[in-house]
Amino acid sequence: MSTPVLYFLPTTSADTSPLPRVISRLTTIYNPSLLPNWTLKQRLFRSTAVWSGDPLASKPRDSRCLQIISLPGHPQDSYAVITPSEQPAMTEGPPATPAATVISIPIGPSTDELNQLLLTRLGSLWQPRQSYSVVDGLGYQVGDFRIRVGEVKQGIGGSQLVRGVAIEIALITPHDDGVESREETELMIMSFWKELGLTGAKAFFLDRDRGDFQDARLWCRMLTLKS
């Protein structure tokens with residue numbers, strides 16, 4: 001069982017990636033053992049529909065987005081994650097944000113055929129937007145901590161732009177040794193991160209009571225923010 005926390009450290013200039021700094025701090029402070037490399041691919045689509053819940057309204061454009069994503073550690077499946085529109089607030093305060101719908105698709109890590117289907121057959125419903133990927137990400141282990149580090153690149157092919165570095169830290173706990181509460185686990189991960197001394201990163205935590213496929217939800221929230 002694992003409880004991950006995801007950190008995103010953005011680039012500070014077009015020519016400078018934070019990756020060497022992250023690796024240097026991690027290897028110097030913790031002397032980790034190596035784990036296999038990993039890959040992540042994501043394609044974002046936005047709805048072309050017009051919301052018409054209120055016939056007297058000006059029909060604002062639907063803000064739903066669809067992400068097709070393959071994740072490290074899930075070699076048999078990819079995921080379709082649909083984030084619903086923010087609903088108009090019925091009382092004072094910010095709009096309500098419903099949970100995303102996540103569908104597991106047993107097609108393995110390659111999502112090219114599914115993306116092509118959306119482009120050619122459903123292009124009138126879903127407009128392609130940004131695409132992000134992590135190729136040849138690095139894996140490490142320090143005691144019961146598993147760390148994945150990789151550059152997040154925007155675009156497809158040779159015209160990719162490094163937007164920053166994703167760092168996923170998870171505490172791996174055997175089922176038969178007892179499991180700390182999620183809050184305690186996150187505090188341990190945050191302490192691990194603090195020792196690295198890396199500033200300027202945004203942290204993403206698992207949603208409370210937001211359904212299955214939490215890894216997919218976690219990564220998609222980070223990548224949607226970058227869009």
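## What "buried" means here

A residue counts as buried when its relative accessible area is under 20%. Keep that cut-off in mind while you explore this predicted model. Across the chain, buried residues make up 38% of the 227 residues.

## The overall layout

Let's walk along the chain. It holds 4 helices and 9 strands. Starting at the N terminus, the order of these elements is β-α-β-β-β-β-α-β-β-β-α-β-α.

Which residues meet when the chain folds up? Among contacts with a separation of 6 or more, 64% are between residues 24 or more positions apart.

In soluble globular proteins, nonpolar side chains tend to be buried together. Here, the largest nonpolar core has 22 residues, and those touching the most other members are Leu-40, Ile-69, Val-81, Val-152, Trp-219 and Met-222. At least two residues of this core come from each of strand S1 (2-10), strand S2 (33-47), strand S4 (78-83), strand S6 (126-142) and helix H4 (214-226). Which element gives the most to this core? The answer is H4, with 6 residues.

Beyond its neighbours within four places in sequence, Met-222 is in contact with Leu-6, Phe-8, Val-152, Ala-166 and Phe-204. There is also a second, separate core of 21 residues, and its members include Leu-9, Tyr-30, Ile-147 and Val-149.

Now back to Glu-168. How many salt bridges does the model have? The count comes to 2. In one of them, the side chain of Glu-168 meets that of Arg-146, at 3.2 Å from N to O. Glu-168 sits in strand S8 (residues 161-172) and Arg-146 in strand S7 (residues 145-154), so this pair ties together parts that are 22 residues apart in sequence. Both Glu-168 and Arg-146 are buried.

Glu-168 also forms a salt bridge with the side chain of Arg-148, this time at 2.8 Å from N to O. Because Glu-168 lies in strand S8 and Arg-148 in strand S7, the pair ties together parts that are 20 residues apart in sequence. Arg-148 has a relative accessible area of 13%, so Arg-148 is buried. Through shared partners, the salt bridges join Arg-146, Arg-148 and Glu-168 into one network.

Definitions and conventions. Residues are numbered from 1 along each chain as its sequence is written. This is a predicted model: local features need pLDDT of at least 70, side-chain atom pairs count only at pLDDT 80 or more; totals for chains, interfaces and linings use all residues. Side-chain values use heavy atoms; hydrogens and water are left out. Buried means under 20% relative accessible area, exposed over 50%, partly exposed in between (1.4 Å probe, protein chains only). Contact means heavy atoms within 4.5 Å. A nonpolar core is a set of buried Ala, Val, Leu, Ile, Met, Phe, Trp, Tyr and Cys residues joined through side-chain atoms within 4.5 Å. A salt bridge is a side-chain nitrogen of Lys or Arg within 4 Å of a carboxyl oxygen of Asp or Glu.
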